[in-house]
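Please look through the structure below with this briefing beside you, and follow the points one topic at a time.

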Amino acid sequence: MKKHSALLTAGLVALSIAQMANAKNNEVYLYTWTEYVPEGLLDEFTKQTGIKVIVSSLESNETMYAKLKTLGNDGGYDVIAPTSYFVSKMAREGMLKELDHSQLPVIKELDPNMLDRPYDKGNKYSLPQLFGATGIAYNTETQDPSKFQSWGDLWNANFKGKVQMLDDPRELFNVALLKLGQDPNTKDPKVLQQAYDELLKLRPNILSFISDNPASTFISGETDIGLLWNGSVRIAKNEGAKIDTVYPKEGTVLWIDNLAIPKNAKNVENAHKLINYLLSADVAEKLTLSIGYPTSNLVALKRLPAELTQDKATFLAQDVLDRSQWQLDVGEVIDLYESYYQKLKAAK
């Protein structure tokens with residue numbers, strides 16, 4: 001799932017436009033998170049349809065949004081993977097195409113609890129793919145989980161220069177706002193000022209900001225404390241990392257990564273076919289087995305081994321869900337989040 005990069009180099013934009021202008025009927029352009037396309041996942045789609053999938057790696061919702069804005073009518077991504085709160089933002093700004101549900105029979109297999117959410121009533125613009133949440137991950141051989149029962153524990157001076165953060169303004173502010181007992185979806189500038197001041201106190205403890213494959217540093221041993229998404233914890237475990245996660249007493253923030261079609265997609269029919277394929281039971285099962293995020297496909301969910309579904313780092317316990325909140329679109333106030341975030345990253 002999820003950094004803000006409003007500026008793109010002219011060369012990159014030109015290259016993207018040139019590539020997408022050549023879109024053909026036997027191609028479809030997919031723009032999704034790095035971990036969401038494990039090796040071989042798309043092979044069967046091409047065999048079945050003859051359609052070649054060209055994949056671009058999505059680093060964050062903010063980068064995706066900025067890129068699509070920059071490309072404008074020359075855009076050409078056919079399927080994108082926005083997180084829930086960005087679906088509502090992009091739909092509101094006319095950036096998404098309405099889905100043709102008649103071309104998406106897979107809908108009948110999807111979890112009703114993940115459909116018709118407030119960010120997209122009636123799933124007019126998106127369909128859910130994977131469920132996510134953020135916790136405090138730690139190396140089980142070097143760290144004591146009792147030290148991470150509250151988000152405020154990350155401020156412990158003993159963790160100076162040791163904590164990896166997700167490179168995402170909302171994720172950082174979620175931590176501070178929950179610590180302060182505030183709404184993580186606040187639009188109140190005064191509350192955001194308080195959260196920023198709190199994050200400045202945390203800044204000496206921050207080792208790095210990373211959102212593109214954040215599990216990699218736990219796998220390599222470069223990091224042993226930090227924020228991770230539930231699926232990233234599973235990815236690290238699959239690679240043999242000694243890792244687990246805590247969901248603090250204040251709860252966490254929940255989100256869904258979705259599949260959607262940009263307004264200016266060139267291959268709309270192929271886009272529907274790809275969405276239907278990616279959400280199908282066989283593919284959804286393979287993806288969750290590979291990266292851990294709970295799938296929206298109920299048929300696939302029933303096939304998953306208990307060893308995975310009973311791992312509370314990945315499939316959150318009910319008591320954690322009960323004390324957690326959904327991440328929502330904060331409208332234009334996101335600019336204030338971003339401004340504070342950039343100042344925080346530049347601070348020493």
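Between domain 1 and domain 2 of this predicted model, the count of salt bridges is 2. A salt bridge joins E307 to R234, and the closest N and O atoms of this pair lie 2.8 Å apart. Polar contacts between domain 1 and domain 2 come to 5 residue pairs, with both residues of each pair at pLDDT 80 or more.

**The two domains and the contact between them**

- Domain 1 is made up of residues 23–131 together with 255–310, while domain 2 is made up of residues 132–254 together with 316–346.
- The centres of domain 1 and domain 2, taken over C-alpha atoms, are 25 Å from each other, and the contact draws on 23 residues of domain 1 and 28 residues of domain 2.
- About 2100 Å² of area is buried between domain 1 and domain 2, and carbon and sulfur atoms contribute 51% of that area.
- On the side of domain 1, the residues that lose the most area to domain 2 are Y85, F131 and W255, which together account for 33% of what that side buries.

**The side of domain 1 that touches domain 2**

- At least two residues of this side are supplied by each of α4 (84–92), β4 (126–139), β9 (253–260), α10 (281–291) and α12 (306–309).
- Helix α4 provides the largest share of the side of domain 1 that touches domain 2, namely 5 residues.

**Helix α8**

- Helix α8, which runs over residues 230–238, is mostly covered, since 7 of its 9 residues are buried.
- The buried residues of α8 are N230, G231, S232, V233, R234, I235 and A236, and R234 is also the partner of E307 in the salt bridge described above.
- These buried residues of α8 pack against β4, α7 (216–220), β7 (225–229), β8 (243–246), α10 and α12.
- After α8 comes G240, a residue whose phi is positive, near 90 degrees.

**Residue S211**

- S211 sits in the loop that lies between β6 (206–209) and α7.
- Is S211 buried or exposed? S211 counts as buried because its relative accessibility is 5%, and the cut-off for buried is under 20%.
- The side chain of S211 reaches the backbone nitrogen of D167 at 2.8 Å.
- Although S211 and L227 are 16 residues apart along the chain, their C-alpha atoms are separated by 9.8 Å.

How values were computed: Residues are numbered from 1 along each chain as its sequence is written. This is a predicted model: local features need pLDDT of at least 70, side-chain atom pairs count only at pLDDT 80 or more; totals for chains, interfaces and linings use all residues. Side-chain values use heavy atoms; hydrogens and water are left out. Domain bounds come from an automatic or database domain assignment. Contact means heavy atoms within 4.5 Å. Buried area is the accessible area (1.4 Å probe) that two parts lose on being put together, summed over both. A salt bridge is a side-chain nitrogen of Lys or Arg within 4 Å of a carboxyl oxygen of Asp or Glu. A polar contact is a pair of N or O atoms within 3.5 Å; within protein, one must be able to donate a hydrogen and the other to accept it, and residues adjacent in sequence count only if both atoms are side-chain atoms. Helices (H or I, at least four residues) and strands (E, at least two) are DSSP runs, numbered from the N terminus. Buried means under 20% relative accessible area, exposed over 50%, partly exposed in between (1.4 Å probe, protein chains only).
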